[in-house]
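Please keep the sequence and the structure in view while reading.

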Amino acid sequence: MGSEAAMESAEHDVKMRLLLAAKKLFSRQGFDGTTVRQICEEAGANVALVSYYFGGKDNIYRALFDMSFPESLLLEGEHVKREPVKAIKLLIRRVVAYQAGDPELVRLIQQEAAHLSPRVAIVQKHLVPVWQMAREIMEEGRRQGVFHFRSLDNTFLYVWGGVLFPRDFGFFAPVVSEPVPSPEEKIADVTRFVLGALGYAGDTEPDAKDIP
């Protein structure tokens, strides 16, 4: 039993090294610019192991999203429907924390969104439930009269575009001059921006903590 556990642990370690190496290289070089050999060299693993464990480059890409995408972005609880303002503030806090905690995965999402590659469906599989939840929160806020906007589709697209392509996307670097904000400053800025876009007239300060 001990040897089986050791073998399983070793296999898990190799898989994790391959996944982390793939995420690092894909985010820096793009999917097409990264080879299986490079992934294995980065992971310190035999070149045949990507095929052995994952069945190829496409599948390791899919597996790294399954491993890395934070399920915490899907809010749970009745307060999500009852209190849309609190729900939006909580979602923003978690999205910003996720962006800060895993910039490599964020870059992968940005790459697929920008190029609409064949892999965009892999990204959408994880993001669509979050988008649907955000739309439901926005729609409920409008129904309650706390949010005021004309088009749900347009407002959602403008808001999510701003969140998905934040300052560190780099595209606007030539005209950005202020110091990089702290995580709490960024949460505050994004919260004010989103609630303003939703036509909310109340307190636009973020909640002090992540309330489950």
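**The end of helix α8**

Helix α8 is followed by G145, a residue with a positive phi, near 85°. The model discussed here is predicted.

**Helix α8 along its length**

Helix α8 covers residues 120-144. At 1.5 Å a residue, its 25 residues should span 36 Å, and the end C-alpha atoms lie 34 Å apart, which agrees. The helix has a kink of about 40° at L127, shortly before the proline P129.

**The chain as a whole**

The protein chain has 10 helices and 0 strands. Along the sequence this reads α-α-α-α-α-α-α-α-α-α. Of the 212 residues, 42% are buried.

Taking contacts between residues at least 6 apart in sequence, 67% join residues at least 24 apart. The chain exposes about 11,900 Å², and carbon and sulfur atoms supply 56% of that area.

**Helix α6**

Helix α6 consists of 18 residues, 84-101. From first C-alpha to last it reaches 25 Å, close to the 26 Å expected at 1.5 Å a residue. Because 14 of its 18 residues are buried, α6 is largely enclosed by the rest of the structure.

**Cavities**

Rolling a probe the size of a water molecule over the atoms shows where empty space is left. The structure holds 2 cavities of 30 Å³ or more. The largest cavity contains about 120 Å³ of space.

Thirteen residues line this cavity, and L91, I92, V159, W160 and V163 lie nearest its centre. Helices α6, α8, α9 and α10 (183-197) each supply at least two residues of the lining. The largest share, 5 residues, comes from α6, the helix that is largely enclosed by the rest of the structure.

**The second largest pocket**

The second largest pocket has a volume of about 180 Å³. It is lined by 14 residues, and those closest to its centre are A113, L127, W131, W160 and L164. Two or more lining residues come from each of α7 (103-115), α8 and α9 (152-164).

Key: Residues are numbered from 1 along each chain as its sequence is written. This is a predicted model: local features need pLDDT of at least 70, side-chain atom pairs count only at pLDDT 80 or more; totals for chains, interfaces and linings use all residues. Side-chain values use heavy atoms; hydrogens and water are left out. Helices (H or I, at least four residues) and strands (E, at least two) are DSSP runs, numbered from the N terminus. The expected span of a helix is 1.5 Å times one less than its number of residues. The bend at a residue is the angle between axes fitted to the seven residues ending there and the seven starting there. Buried means under 20% relative accessible area, exposed over 50%, partly exposed in between (1.4 Å probe, protein chains only). Contact means heavy atoms within 4.5 Å. Accessible areas come from the Shrake-Rupley method with a 1.4 Å probe; for residues, only the protein chains shown count as cover. On a 1 Å grid over the protein atoms alone, a cavity is a set of points where a 1.4 Å probe fits but cannot get out, and a pocket is an open set with protein on both sides within 12 Å along at least five of seven lines; lining residues have an atom within 4 Å of a point. Grid points are joined across faces, edges and corners, and a volume is the space filled by probe spheres set on the points.
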